[in-house]
Amino acid sequence: MSWISALSELQQQGQPCVLVTIIEERGSTPRNAGSKMLVTAERIFETIGGGHLEYKAMELAREMLATRSQNTRLERFSLGASLGQCCGGATVLLFEPMGQPQAQIAVFGAGHVGRALVPLLASLPCKVRWIDSRESEFPELIPAGVEKVVNEEVLDEVERMPTGSYFIVMTHNHPLDLELTAAILKRNDFTYYGLIGSQTKRAKFEHRLRDRGFDAAVVARMRCPMGLAEVKGKLPVEIAVSVAGEVIATYNATFGSKEGGLENNKGEATVSKLLPVSRRTRT
């Protein structure tokens, strides 16, 4: 498969990759400027000439994928003894991350607000897992790039999300919301956690979480009510726009920072300092 066909297919699947391009050649090199190679976590498409140069390029590209780097990168390689190649020339490679999501999001609940929110999240540079125990609640058409998960043991899905994930809980069941909250806060490695509900619901949950031994600083990371205070209204689409706006504000605020977002191994994004407290009351 050509790199351009592979790139199109990977983008449709929402799978991240890195496009490696030779942008400069000096002396004898295995491939000319303009040659490209597409690298995923498991495969490569086309070649920039093989040998140790290609190996090093693949290694660097996969390091970028593993760290979810969003930044392009230029690297110069001398094709001599250090790379085990005898061409004797030099080449400059451009590394361009493609399709890397700004956020990996778990949405728990396929009710009316979930059905309004997920299409908005799907239109953003996010990877979304939409989770509910009730198959019948999901719409017939799932937005492209969204993974539908039907699981009777909804709590199991919390541990399946990577470090730095975004969690949004809006199920039909308050006791389930509490158990999900406890599981998410116990991990405490998330970038964002939003729980649908009113200030009254938050107060009740805070009391019950304190009884379970949760530290107040950990509980304070929970956004409830969630959503931007500036977006008013209680219609499902209005709530969805508000929550999507908060997600965007979060990944924009932490983008490129080693102290927040996906680059932080402990998910210590100071969202509460970056976003205004919502005044919206919801049940």
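## Overall picture

Of the 283 residues of the protein, 49% count as buried, where buried means under 20% relative accessible area, exposed means over 50%, and partly exposed lies in between, with a 1.4 Å probe and protein chains only. This is a predicted model, in which local features need pLDDT of at least 70 and side-chain atom pairs count only at pLDDT 80 or more, whereas totals for chains, interfaces and linings use all residues. Residues are numbered from 1 along each chain as its sequence is written, and side-chain values use heavy atoms, with hydrogens and water left out.

The protein has eight helices and eleven strands; these are DSSP runs numbered from the N terminus, with helices (H or I) of at least four residues and strands (E) of at least two. Among contacts with a separation of 6 or more, 61% are between residues 24 or more positions apart, a contact being heavy atoms within 4.5 Å. The protein exposes about 13600 Å², of which carbon and sulfur atoms supply 51%, and accessible areas come from the Shrake-Rupley method with a 1.4 Å probe, only the protein chains shown counting as cover for residues.

## Threonine 171 and its surroundings

Threonine 171 sits in the loop between β9 (166–169) and α4 (174–187), and it counts as buried because its relative accessibility is 14%. Leaving aside residues up to four places away in sequence, threonine 171 touches Phe108, Gly109, Leu176, Asp177 and Leu180.

## Salt bridges

Side chains of opposite charge can pair when their charged atoms come close. The structure holds 13 salt bridges, each defined as a side-chain nitrogen of Lys or Arg within 4 Å of a carboxyl oxygen of Asp or Glu. Aspartate 177 forms one of them with lysine 201, the closest N and O atoms being 2.7 Å apart. This pair links distant parts of the chain, with lysine 201 in helix α5 and aspartate 177 in helix α4, 24 residues apart, and both lysine 201 and aspartate 177 are buried.

Arginine 212 and glutamate 179 form another salt bridge, with their closest N and O atoms 2.5 Å apart. Arginine 212 lies in the loop between α5 and α6 (216–219) and glutamate 179 in helix α4, so this pair ties together parts that are 33 residues apart in sequence. Arginine 212 counts as partly exposed at 41% relative accessibility, and glutamate 179 is partly exposed at 31%. Within it, arginine 160 pairs with glutamate 157 at 2.6 Å between the closest N and O atoms, and glutamate 157 counts as buried because its relative accessibility is 3%.

Isoleucine 196 is placed in the loop between β10 (192–195) and α5 (199–211), and with 9% relative accessibility it counts as buried. Its C-alpha atom is separated by 9.3 Å from that of isoleucine 239, although the two residues are 43 residues apart along the chain.

Valine 237 belongs to helix α7 (residues 236–254). Together with Leu235 and Val241, Val237 forms a nonpolar surface patch with about 260 Å² of accessible area in total. Patches are made of residues with over 30% relative accessible area and no salt bridge, like charges being joined within 9 Å and nonpolar side chains (Val, Leu, Ile, Met, Phe, Trp, Tyr) within 5 Å.
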